[in-house]
Structures are given as structure tokens and as C-alpha cells.
Amino acid sequence: MRTAVRVTAAAVLALGAATACAAGPEPGTQAGAVAPASPAAASPTGPASASPAAVPAALSFTGKTLDGTAFDAAALAGRPVVLWFWAPWCATCASQAWTVAEIAPAYRDTVPVVGVAGLGEQKAMKSFVTEFDLGGTTQIDDRTGALWRRFKVAEQSTFVVLDRTGRVVHRGFLDGEALTRQVETLARG
């Protein structure tokens, strides 16, 4: 009986360690932590409209981009959004980066594509952005893994696609063609 308890305890500890490695350290322990948006910061920053879009829970967070700029996801409310969770050492992410770099600027105003960089050092993340010409696409610094945990992302490369109400309509892998089709469909409404 003691052996079974020890084996079970060891399995639980190993699973916890593996999850911690994938998700990163706890929020607030490293630069780049993502915080819930404050009510004052929740208004969209786009053009003025008669009634601003309600901010769904999925877009109720703030953070910093890789270049240190403040980021408030509430500004994306009312539009479909694609969150791309990537790591700088990921070969799959590198192959998808070319598609992201191509379509993100074309759909910036209708379907924003936001990179969520994690599982690496900031210097490597910045190099990845430079190498794949992703400078025109918002890239959130999520070295702490706060957004990865929030959106239940367990591996890179993962796309989380939100409709205009903030509902997750896709979570997982998308190749270049599937990503392009998904964004085109969302842009048409």
C-alpha cells in the first residue's frame, strides 16, 4: 500500500512539475506579468462611437508588449481577435510566423492578431520578432505564463480565436491556410 501511495505521489509531483515548466513561473515573479484590466482602462481606444463595445471577460486584461508598451486588451472589444501563443525556439511557431506577418497587417482593424510570447527569454523573443518581420504585429511579453494559463494553453503553437463577443470559437493548431481562412471568415462578419 505504501508503495502505491509513493508511486501516486511521485506521479502527481511529476505532473505538477511538467505543468509548471509549460506554464512558467507564477504571475508577478518576473517582468511581463499580465494583470486584469482596471475598470478605468476598459474603454476602447479606437475611433469614438455612440456606444462603446462591452468588454468581454476574455479581453479583460492588461500587460506589456515585448517593446515595453502598455497593452490593454479591452481596446479590442467588439471585434474578433486572434491570440497566437508562441515560443521563440518553436519550429512550428517559426513556420507559422510568415503567415502571421503577412495577414496581421492586412486585418489589423477588423481582426487583430496578437502574439503572446512565452516560454523563453525576452532577448530570444525579440530576435524571433525581428527575424520573422513581426514588428508590425502586437506581441505581448508573457514570460510569466499568465495569459497561457488564463486561456488554458498547454503547448505552443496555439491559436485562440475569439468572436466579436469574446467567445472562444477555436483553440489549437492552425496551419497557414486554415489561419488565413479563419481570419477572412471573421473579417466578413
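The model is predicted, and residues are numbered from 1 along the chain.

Begin by selecting residues 61-64, strand β2, together with residues 70-72, strand β3. The two strands run antiparallel and are joined by three bridges. Threonine 62 may be highlighted next; its bridge partner in β3 is aspartate 72. Five residues lie between the strands of this hairpin, and glycine 68 takes a positive phi near 90° there.

**The sheet of five strands**

Next, display the strands β4 to β8. They form an open sheet in the order β6-β5-β4-β7-β8, with mixed pairing. Which strands are at the edges? Residues 139-141, strand β6, and residues 168-172, strand β8, are the edge strands, each pairing on one side only. On average, neighbouring strands of the sheet are turned by 15° against each other, direction ignored. Strands of a sheet pair through backbone hydrogen bonds, in either a parallel or an antiparallel manner.

Now select residues 158-162, strand β7, alongside β8. These strands run antiparallel, with four bridges between them. Within the pair, valine 161 stands opposite histidine 170 of β8.

**Helices on the sheet**

**An aromatic pair**

The structure holds 10 aromatic pairs. To examine one of them, select tryptophan 86 and phenylalanine 128, whose rings are stacked at 4.3 Å centre to centre with 20° between the planes. Why does this pair tie together parts that are 42 residues apart in sequence? Tryptophan 86 belongs to strand β4 and phenylalanine 128 to helix α3, so the contact links those two elements across that separation.

**The second largest pocket**

Show Thr65, Leu66, Asp67, Thr69, Lys126, Val129, Thr130, Leu134, Gly135, Thr137, Thr138 and Gln139, which line the second largest pocket. About 170 Å³ of space lies in this pocket. Which element gives the largest share of the lining? That share, three residues, comes from α3. By class, the lining divides into three nonpolar, seven polar and two charged residues.

**Backbone details**

Select glutamine 156 and serine 157, which are joined by a cis peptide bond with omega of about -10°. Serine 157 is in the loop between α4 (146-150) and β7. Although leucine 119 is not a glycine, its phi is positive, at about 55°. Finally, select glycine 166 in the hairpin of β7 and β8, which has five residues between the strands. Glycine 166 takes a positive phi near 90°.

Note on methods:
This is a predicted model: local features need pLDDT of at least 70, side-chain atom pairs count only at pLDDT 80 or more; totals for chains, interfaces and linings use all residues. Side-chain values use heavy atoms; hydrogens and water are left out. Two strands pair if DSSP finds at least two bridges between them. Axes are lines fitted to C-alpha atoms, for helices over the stretch in contact, and angles run from 0 to 180 degrees between N-to-C directions. On a 1 Å grid over the protein atoms alone, a cavity is a set of points where a 1.4 Å probe fits but cannot get out, and a pocket is an open set with protein on both sides within 12 Å along at least five of seven lines; lining residues have an atom within 4 Å of a point. Grid points are joined across faces, edges and corners, and a volume is the space filled by probe spheres set on the points. Ala, Val, Leu, Ile, Met, Phe, Trp, Tyr, Cys and Pro count as nonpolar, Asp, Glu, Lys and Arg as charged, and the others, Gly among them, as polar. Rings of Phe, Tyr and Trp (its six-membered ring) pair if their centres lie within 6.5 Å; planes under 30 degrees apart count as stacked, over 60 as edge-to-face and the rest as tilted.
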